[in-house]
Amino acid sequence: MIIGLAIFFTILSFIVSYRVVIGPTITDRLIGADTIGIFMSMVMLMIALEYDILLLIDIVLAYAVLLFIDMLIYAKYFEHGELYR
């Protein structure tokens with residue numbers, strides 16, 4: 001069941017990649033890229049749970065924090081036009 005969900009999230013990532021490539025605005029592309037990152041972190045987490053790899057869970061948590069910080073930086077940049085304001 002867990003591997004089936006991982007395959008489902010992978011298919012969803014390919015569907016969202018359409019928004020990253022064709023997105024009419026930069027915001028759509030950034031949200032699509034962040035969604036792909038979230039889906040791939042979920043796939044890594046499910047693989048870690050299925051095969052009992054505890055180190056991969058820590059890597060997924062670090063990756064999720066980096067995705068969050070990345071979106072904060074992009075949001076600030078596109079709101080103000082600069083990062084140091």
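1. Ser13 is placed in helix α1, where helices are DSSP runs of H or I with at least four residues, strands are runs of E with at least two, and both are numbered from the N terminus. The residue counts as buried because its relative accessibility is 7%; buried means under 20% relative accessible area, exposed over 50%, and partly exposed in between, with a 1.4 Å probe and protein chains only. Leaving aside residues up to four places away in sequence, Ser13 touches Ile36, Phe39 and Met40, a contact being heavy atoms within 4.5 Å.

2. The basis of the model should be stated here. This is a predicted model, in which local features need pLDDT of at least 70 and side-chain atom pairs count only at pLDDT 80 or more, while totals for chains, interfaces and linings use all residues. Residues are numbered from 1 along each chain as its sequence is written, and side-chain values use heavy atoms, with hydrogens and water left out.

3. Helix α1 covers residues 2-22, a run of 21 residues. From its first C-alpha to its last it reaches 31 Å, close to the 30 Å expected at 1.5 Å a residue; the expected span is 1.5 Å times one less than the number of residues. Its buried residues are Ala6, Phe9, Ser13 and Val16. An α-helix has 3.6 residues a turn, so residues three or four places apart point the same way. The cover over the buried residues of α1 includes α2 (26-51).

4. For α2, the 26 residues should span 38 Å at 1.5 Å a residue, and the end C-alpha atoms are 38 Å apart, which agrees. The buried residues of α2 are Leu30, Gly32, Asp34, Gly37, Phe39, Ser41, Val43, Met46 and Ala48. Both α1 and α3 (54-80) are included in what covers them.

5. With a relative accessible area of 8%, Ser41 is buried. Its contacts, not counting residues up to four places away in sequence, are with Val60 and Tyr63.

6. Just after α2, Asp52 takes a positive phi of about 60°. Ile53 lies in the loop between α2 and α3 and counts as partly exposed, at 37% relative accessibility. Ile53 and Ile69 are 16 residues apart in sequence, and their C-alpha atoms are 25 Å apart in space.

7. Overall, the protein has three helices and zero strands, and its elements run α-α-α from the N terminus on. Its radius of gyration is 15 Å, well over the 12 Å that the globule rule gives for 85 residues, so the protein is more spread out than a compact globule. That radius is taken over C-alpha atoms, and the rule is 2.2 Å times the number of residues to the power 0.38. Along the principal axes, the C-alpha atoms fill a box of roughly 45 × 30 × 10 Å.

8. Buried residues make up 21% of the 85 residues. Among contacts between residues at least 6 apart in sequence, 46% join residues at least 24 apart. The accessible surface comes to about 6,200 Å², of which 74% belongs to carbon and sulfur atoms; accessible areas come from the Shrake-Rupley method with a 1.4 Å probe, and for residues only the protein chains shown count as cover.
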